[in-house]
Amino acid sequence: MFSRLWRSSETDGFGDVHVLAVDDSLVDRKVIERLLKITSCKVTAVDSGWRALQYLGLDQEKTSADFVNVDLIITDYCMPGMTGYELLKKIKGSATFREVPVVIMSSENVVARIDRCLEEGAEDFIVKPVKLSDVKRLMFGAKEEKPSFNKRKLEEMSDDSSTSPQSPKSTSSSSSSSSTPPFSPSQLEQ
Amino acid sequence: MDAVSQLQRQFVEHATSLYREGYLDDQFTQLQKLQDESNPDFVVEVVTLFFEDSEKLLNNLATALQQESIDYKQVDAHVHQFKGSSSSIGAQRVKNVCVVFRNYCDEKNLDGCLVCLQQAKNEYLLVRNKLEALLNLEQQILQAGGSVPMIT
């Protein structure tokens, strides 16, 4: 959940938030990198699912003692080789990284696809082209600097109070919801 | 100062017509918002990447459509990429051609694909020229000590 990851310090910046961005398009990588940096995140951008797994140390069978610290993974859906969906499954299937929120980006606004990703554990789904407001919404929620929640997660709020020992940035687990969930129905109608 | 205001007026005229004629859409404005003193060349950099990417894609498309036995999935993959990148920078007319192009790929319609390839090329060249002119004006304004007007 964003609340335990984002609220890591008293500061308002997200300077220590590390995002792994995955997109096979050079143009899109440049844009997403800038969007994230402008919201003060540290960004590592790779061009494929395989490279993402390599970076995370998940391409090998061994469990690595020192894993890379990633707070959010944002990935394109349509990529040659491994799709964003397949990458999502691999991340959610890993002990080390399953708690890391994964956001999917896609130019295709297909409800079945969105549902599939959310069911597999994606935190959110952004329709491309990605705008600054999309990234801000992801980080801050609709208005203030409050973390935002996925529509479905709002229903499971009662489960959210448990802290995860695996998340290196977990702090207080007090959850707050923003007035507008990140994944609003209006996006589906676009 | 007169030279600067003249340049600024030219810039506004040019930019406005690009939006009005549908060459650019809101996504281009989005990109301009990402440019600031710490990243003064962001738009130029992205647009340059788009030009390089597009030229490669257009070549790949031409090659793919010249094959004895055409792999429409491969053609579609290239068009999908082109559609994506043009959408990301706000090159609306290019993107629109790509949408039609993909339909022809689905139908395995070679004639349709060839027409779209030509159209995509034309639209790309047009938007490239216009963007180059716009960014050139921007450069001139900055060099003359002025600020670049924001087009909403």
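Visitor: In what order do the elements of chain B run from the N terminus on?

Guide: They run α-α-α-α-α-α, and the secondary structure of chain B comes to six helices and zero strands, where helices (H or I, at least four residues) and strands (E, at least two) are DSSP runs numbered from the N terminus. This is a predicted model, in which local features need pLDDT of at least 70 and side-chain atom pairs count only at pLDDT 80 or more, while totals for chains, interfaces and linings use all residues. Residues are numbered from 1 along each chain as its sequence is written, chains are lettered from A and ligands numbered from 1 in the order in which they are written, and side-chain values use heavy atoms, with hydrogens and water left out.

Along the principal axes, the C-alpha atoms of chain B fill a box of roughly 60 × 30 × 20 Å. Of its 152 residues, 47% count as buried (buried is under 20% relative accessible area, exposed over 50%, partly exposed in between, with a 1.4 Å probe and protein chains only). Among contacts in chain B with a separation of 6 or more, residues 24 or more positions apart account for 68%, a contact being heavy atoms within 4.5 Å.

An α-helix has 3.6 residues a turn, so residues three or four places apart point the same way. After α1(B) comes B:Gly22, whose phi is positive, near 80°.

With α6(B), α1(B) packs at an angle of about 155°, their axes 9 Å apart; here axes are lines fitted to C-alpha atoms, for helices over the stretch in contact, and angles run from 0 to 180 degrees between N-to-C directions. That makes α1(B) roughly antiparallel to α6(B) (angles under 35 degrees count as roughly parallel, over 145 as roughly antiparallel, 65 to 115 as roughly perpendicular, and the rest as oblique). The crossing of α1(B) and α6(B) is left-handed, a term used if the near helix is turned anticlockwise from the far one by less than a right angle, with right-handed for clockwise. On the α1(B) side the residues that meet α6(B) include B:Leu7, B:Phe11, B:His14, B:Ala15 and B:Leu18, and those they meet in α6(B) include B:Ala133, B:Leu134, B:Leu137 and B:Ile141.

Helix α6(B) also packs with α3(B), at an angle of about 160° and with axes 11 Å apart, and the two are therefore roughly antiparallel to each other. This crossing, too, is left-handed. The contact is made by residues including B:Val43, B:Val47, B:Phe50, B:Phe51, B:Leu58 and B:Leu61 of α3(B), and by residues including B:Leu117, B:Tyr124, B:Leu131 and B:Leu135 of α6(B).

Helix α5 of chain B, residues 92-106, has 15 residues and reaches 22 Å from its first C-alpha to its last, close to the 21 Å expected at 1.5 Å a residue. In α5(B), B:Val94, B:Val97, B:Cys98, B:Phe101, B:Arg102 and B:Cys105 are buried, and seen down the helix axis they fall within an arc of 150°, so they line one face. What covers them includes α3 (42-64), α4 (72-89) and α6 of chain B. Just after α5(B), B:Lys108 takes a positive phi of about 55°.

The loop between α2 and α3 of chain B holds B:Glu37, which at 75% relative accessibility counts as exposed. Its C-alpha atom is separated by 40 Å from that of B:Val75, 38 residues apart along the chain. From the other chain, A:Arg34 in helix α2 (residues 26-38) of chain A is buried, with a relative accessible area of 8%. Leaving aside neighbours within four places in sequence, A:Arg34 is in contact with B:Leu34, B:Asp36, B:Ser38, B:Asn39 and B:Phe42.

Definitions and conventions: Expected span 1.5 Å × (residues − 1). Arc of directions from axis to C-beta.
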